[in-house]
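Subject: Structure for you to look at

Dear colleague,

I am passing on the structure we spoke about, and I would be glad if you could look through it when you have time. My notes on what was found in it come after the structure itself.

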Amino acid sequence: MSTTAPSPVGTGQTAHFDPSIAHLTHVPRRHYGRWIASALILAAFALVVKAFAEGQIDWAVVGQFFTAQSIISGLGNTIIMTVCAMALGITLGVLFAIMVMSPNPVLKGVAVFYIWFFRGTPLLLQLLLWFNLALVFPRIGIPGLFEARMVDVMTPFVATLLGLGINQGAYTAEVVRSGILSVDAGQTEAAKAIGMTRLTTLRRIVLPQAMRVIIPPVGNEVISMVKLTSIASVIGFAEVLRNAQTVYYANARVIELLIVSAGWYLIIVTLLSIGQHFLERYFAKGTGRRSRPAMRPAVEG
Amino acid sequence: MMPIVVTTDVRKNFGSVQALDGVSIQIPAGQVLCIVGPSGSGKSTLLRCINQLERIDSGAVWVDGELIGYRRVGDKLYELTDAEIARQRLTSGMVFQRFNLFQHMTALENIIEGPVTVQKRRRTQAIDEALVLLERVGLSAKRDAYPSELSGGQQQRVAIARALAMKPKLMLFDEPTSALDPELVGEVLAVMKDLARSGMTMIVVTHELGFAREVANEVVFMDRGAIVERGSPQEVLVHPKQQRTRDFIAAVLA
């Protein structure tokens with residue numbers, strides 16, 4: 001081993017400056033690791049593509065069924081159910097978020113119970129409960145006004161709508177509540193000071209500002225809802241996956257039809273993500289994150 | 001002349017902290033009352049009780065001849081509803097330390113929100129009046145700016161215009177310049193002086209002793225939830241009788 005002390009790294013070299021190096025060209029660091037990683041990933045990707053191209057998949061069948069009547073009508077049902085269930089979920093979510101934050105102990109209790117129950121049980125179980133409600137209540141109605149058999153009312157569509165929408169409401173209530181909490185208390189005080197009642201304050205001042213916080217997670221939930229509609233296939237709701245299954249039970253092209261379904265889900269989700277981006281921009285107004293030309297934070301008096 | 005605000009033996013506790021310990025004041029219409037005192041002395045709480053942002057524990061407050069927060073039937077006081085309290089708040093306008101402009105609305109939208117949504121006035125008329133108010137606070141050019149695009153002083157001037165748009169009989173200022181950079185204090189005080197000259201009744205909680213000396217008709221010094229000394233600005237701020245007042249003024253001027 002050497003007996004010399006380690007040479008002082010910094011101090012020794014800063015002793016003499018060489019101004020002439022100011023003209024030298026700067027060469028960026030080479031990222032060899034990235035090149036190697038890219039090459040490996042490309043190779044792996046090529047293998048996967050090759051495997052699928054040579055595998056037992058008849059791509060012609062995929063193309064043929066992509067726009068088949070039954071798939072398109074299932075797609076329509078998926079979209080309708082997403083819109084309806086989400087509309088119900090958001091309505092219930094706002095309602096129950098307001099109830100949870102209400103000073104009225106009865107309203108608060110009801111809302112807490114709702115959130116506890118519907119977040120606490122599996123969605124699939126809730127769907128089955130709604131669909132089989134006729135076992136508990138064979139007939140439904142208001143005495144003297146109208147009456148019907150529960151099995152006629154609780155169609156797969158209605159059961160799915162109630163199951164997905166009410167379950168979604170319990171989650172959205174928590175999202176809306178956190179959005180409301182994110183708005184500064186000073187906003188509420190200022191609204192009160194100009195004579196607004198509690199509900200007007202909520203509608204005009206608090207909720208519009210809470211939207212900025214609410215939109216991203218709700219957008220996420222819409223996307224999740226598109227895919228959740230597929231579990232309604234178990235109670236016979238004719239959404240896209242259910243119809244794909246019906247087709248492959250007949251023609252045994254299982255993977256091809258699953259690929260068709262996957263393709264459609266990806267298309268809807270992509271479109272929704274784009275919509276969410278524009279919605280977020282709209283509700284970002286006044287936060288300084290939506291860039292407007294010739295409008296920078298002013299500093300002059 | 002009938003006083004526009006009367007408080008009688010107002011008490012308010014926050015848990016075990018006694019914020020107001022029997023405060024009685026009277027303000028004749030058209031007068032400017034400045035409330036000074038160390039932080040935690042209850043001066044902001046008093047202001048917030050007058051505007052019912054806080055509920056008083058005991059005592060009574062009248063604004064413009066009307067008992068605030070309660071209806072008297074026989075020898076009982078019945079608490080008013082949310083809507084009735086909202087209506088009572090229309091008598092007074094409030095300006096906050098932290099401006100509290102509605103962040104999702106432009107300066108103009110902030111000012112017309114109350115007249116249009118609460119007072120149900122015609123939008124075009126509200127806009128015309130709002131433009132006059134913006135002119136008055138010197139911000140006509142900023143009508144379409146969002147609060148995040150305005151300086152603190154500009155935001156506070158818009159907030160004053162927003163309160164004035166409701167045509168209140170009384171203006172309450174809760175430390176309106178305390179959150180401002182020093183160079184922006186002057187523009188807000190100038191608007192407030194202009195307002196005082198126009199004959200508006202004002203209650204101003206402030207640390208700006210110069211403003212109080214110049215504009216106030218009466219100055220109240222509060223400490224630990226009670227009024228220690230009151231009188232003309234000359235009496236309270238220049239020749240205070242109480243040792244606590246002297247200590248406070250010395251500390252502020254130091």
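The notes below take up each chain in turn, then the interface, and then a contact within one chain.

Please keep in mind throughout that this is a predicted model.

Chain A

Chain A is built from 12 helices and two strands, and when its elements are read along the sequence they follow the pattern α-α-α-α-α-α-β-β-α-α-α-α-α-α. Its radius of gyration is 29 Å, whereas the globule rule gives 19 Å for 301 residues, so chain A is more spread out than a compact globule. Taken along the principal axes, the box filled by its C-alpha atoms is roughly 100 × 70 × 50 Å.

In UniProt, an unreviewed entry assigns "domain: ABC transmembrane type-1" to residues 75-276 of chain A. Over those residues the model has 77% helix and 4% strand, with 20 Å between the end C-alpha atoms. The unreviewed entry also carries the annotation "transmembrane region" for residues 32-53, 74-101, 113-137 and 257-279 of chain A. Among these, residues 74-101 are 96% helix and 0% strand, with their end C-alpha atoms 40 Å apart, while residues 257-279 are 100% helix and 0% strand, with their end C-alpha atoms 33 Å apart.

Chain B

Chain B has nine helices and 12 strands. The annotation that UniProt gives here, again from an unreviewed entry, is "domain: ABC transporter", and it covers residues 5-249 of chain B; in the model this span is 37% helix and 28% strand, and its end C-alpha atoms lie 27 Å apart. The radius of gyration of chain B is 18 Å, which agrees with the value near 18 Å that a compact globule of 254 residues would have. Along the principal axes, the C-alpha trace of chain B spans about 50 × 50 × 35 Å.

The interface

Between the two chains, 31 residues of chain A are in contact with 35 residues of chain B, and the area buried there is about 2,600 Å², of which carbon and sulfur atoms give 56%. Two salt bridges are counted between chain A and chain B; one of them joins A:Arg204 to B:Glu113, with the closest N and O atoms 2.7 Å apart. Eight residue pairs are found in polar contact across this interface, counting pairs in which both residues are at pLDDT 80 or more.

Which helices of chain A each supply at least two residues of the side that touches chain B? They are helix 9 (185-193) and helix 10 (198-228), and the largest share, seven residues, comes from helix 9. By residue type, the side of chain A that touches chain B divides into 11 nonpolar, 10 polar and 10 charged residues.

A contact within chain A

Over all chains, the structure holds 23 salt bridges. One within chain A is formed by A:Arg253 and A:Asp58, whose closest N and O atoms are 3.5 Å apart. A:Arg253 lies in the loop between helix 11 (240-251) and helix 12 (254-283), and A:Asp58 lies in the loop between helix 2 (32-54) and helix 3 (59-66), so this pair ties together parts of chain A that are 195 residues apart in sequence.

With best wishes

Notes: Residues numbered from 1 in each chain as written. Chains lettered and ligands numbered in written order. Predicted model: local features only at pLDDT ≥ 70, side-chain atom pairs only at ≥ 80, totals over all residues. Heavy atoms only, no water. UniProt positions renumbered as here; feature names shortened; annotations may be inferred. Contact = heavy atoms within 4.5 Å. Buried area = accessible area lost by both parts, 1.4 Å probe. Salt bridge = Lys/Arg side-chain N within 4 Å of Asp/Glu carboxyl O. Polar contact = N/O pair within 3.5 Å; in protein donor to acceptor, adjacent residues only side chain to side chain. Nonpolar A, V, L, I, M, F, W, Y, C, P; charged D, E, K, R; others polar. Rg over C-alpha atoms; globule rule 2.2 N^0.38 Å.
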